[in-house]
Amino acid sequence: MSRPTHTTTTVLVTGAAGFVGTHLVDLLLTSGKTVIALDILWTGSSTIIDRFQNNDQFTFVEHDVVQPLPAHLPTVDEIYHLACPASPIQFTKHPRRILETCYMGTNHVLQFALERTAKVLIASSSEVYGNPQVYPLSESYFGNVNPFGPRSCYDEGKRVAEALAYAYRQENRIPIRIARIFNAYGPGMSPTDGRIISNFMVAALRGEPLIVYGDGHASRSFQFISDCVRGLKLLMESDVDGPVNIGNNQESTVKEIATLVTDLVAVRTGRPRVEIQFQPEREDDPVRRVPDARRAKELLGWEPKVGLAEGLARTFAMYEEWYNST
């Protein structure tokens, strides 16, 4: 592997071929960073290689963080640790591997950072709060998590990743940033990843009913992907210590999202609106999840810029292109 010259900030991004990772790599390259993108391509897409391969500041390394990071990697200044599938489909298919990625992968990343004297941003998740009992969710809330259930591999995996980061900070004084990411969406999200907006978009395009689990009153707070990665970059470049929620405090019910998608697809395609069907709620699905995003606004100057209607329209354009090509 060619070694990037160390004239600019050199950044390692694990999980770089995933949804958030690809957008983050794009932002970092646009900002003039040298980027080493590391991914095993388990759930990520190899299109990242084609997209950036002609950029001299980009290097792709195929590697699984469950194994120690390659010794031939050059010195880096910053590490964004994003590696771990966030798809609910993977929670039931590969729970052990998700836990291994969260614990062993994070440990290997932190050990590499210790050896190379690098700053680390851990991409944590709103899932650390589990099925919360307080709203909105501030970073001081400890959560309400089921350690023995269908989502526990991811919920507890992200919690142990944060605990590891804390331990390395305490013992080794590694500079750590913790981003608790809430429901990101946008172009590049896999049509088969099993999350709400991708499920709804694909079903509506196929003329199939949109499936809502529960009575539709469960809520989420969606942020457009460009807002999310901008927040991650601001957090990395700050001196903020401790977890920070990166999320939109504008809350929508699942039924409202389903209605927005059916209306959008009907208008854009000229086809009739599809039906919304309700099925029994799934075990451990959070009833409500909305962040208290004041810490990000006050300490980073960050808040979402892209509204839900605009974001859904931009996301639909990608799904429509995908649908027409299949």
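**A guided tour of the predicted model**

Begin by selecting residues 12-314, over which the chain is 39% helix and 17% strand, with the end C-alpha atoms 29 Å apart. Helices (H or I, at least four residues) and strands (E, at least two) are DSSP runs, numbered from the N terminus. UniProt, in an unreviewed entry, lists this stretch as "domain: NAD(P)-binding"; its positions are given in the numbering used here, feature names are shortened, and annotations may be inferred rather than shown by experiment.

This is a predicted model, in which local features need pLDDT of at least 70 and side-chain atom pairs count only at pLDDT 80 or more, while totals for chains, interfaces and linings use all residues. Residues are numbered from 1 along each chain as its sequence is written, and side-chain values use heavy atoms, with hydrogens and water left out.

Next, colour the two domains: domain 1 covers 10-181, and domain 2 covers 185-224 + 248-287 + 305-325. These bounds come from an automatic or database domain assignment. The centres of domain 1 and domain 2, taken over C-alpha atoms, are separated by 26 Å. Their contact (heavy atoms within 4.5 Å) takes 14 residues from domain 1 and 15 residues from domain 2.

Select Leu-41, in the loop between strand 2 (34-39) and helix 2 (47-52); its phi is near 60 degrees, a positive value in a residue other than glycine. Then move to Pro-136, in the loop between strand 5 (119-125) and helix 5 (152-172). A cis peptide bond links Tyr-135 to Pro-136, with omega about -10 degrees.

Now display helix 8 (residues 254-269) and helix 10 (residues 308-325), whose axes come within 11 Å and cross at roughly 55 degrees. Axes are lines fitted to C-alpha atoms, for helices over the stretch in contact, and angles run from 0 to 180 degrees between N-to-C directions. Helix 8 is therefore oblique to helix 10; angles under 35 degrees count as roughly parallel, over 145 as roughly antiparallel, 65 to 115 as roughly perpendicular and the rest as oblique. In helix 8, the residues Ile-257, Leu-260, Leu-264, Val-265, Arg-268 and Thr-269 meet Leu-308, Leu-312, Ala-313, Phe-316, Ala-317 and Glu-320 of helix 10.

Helix 6 contributes Ile-197, Ser-198, Met-201, Val-202 and Leu-205 to the contact, and helix 10 contributes Leu-312, Thr-315, Phe-316, Tyr-319, Glu-320, Trp-322 and Tyr-323.
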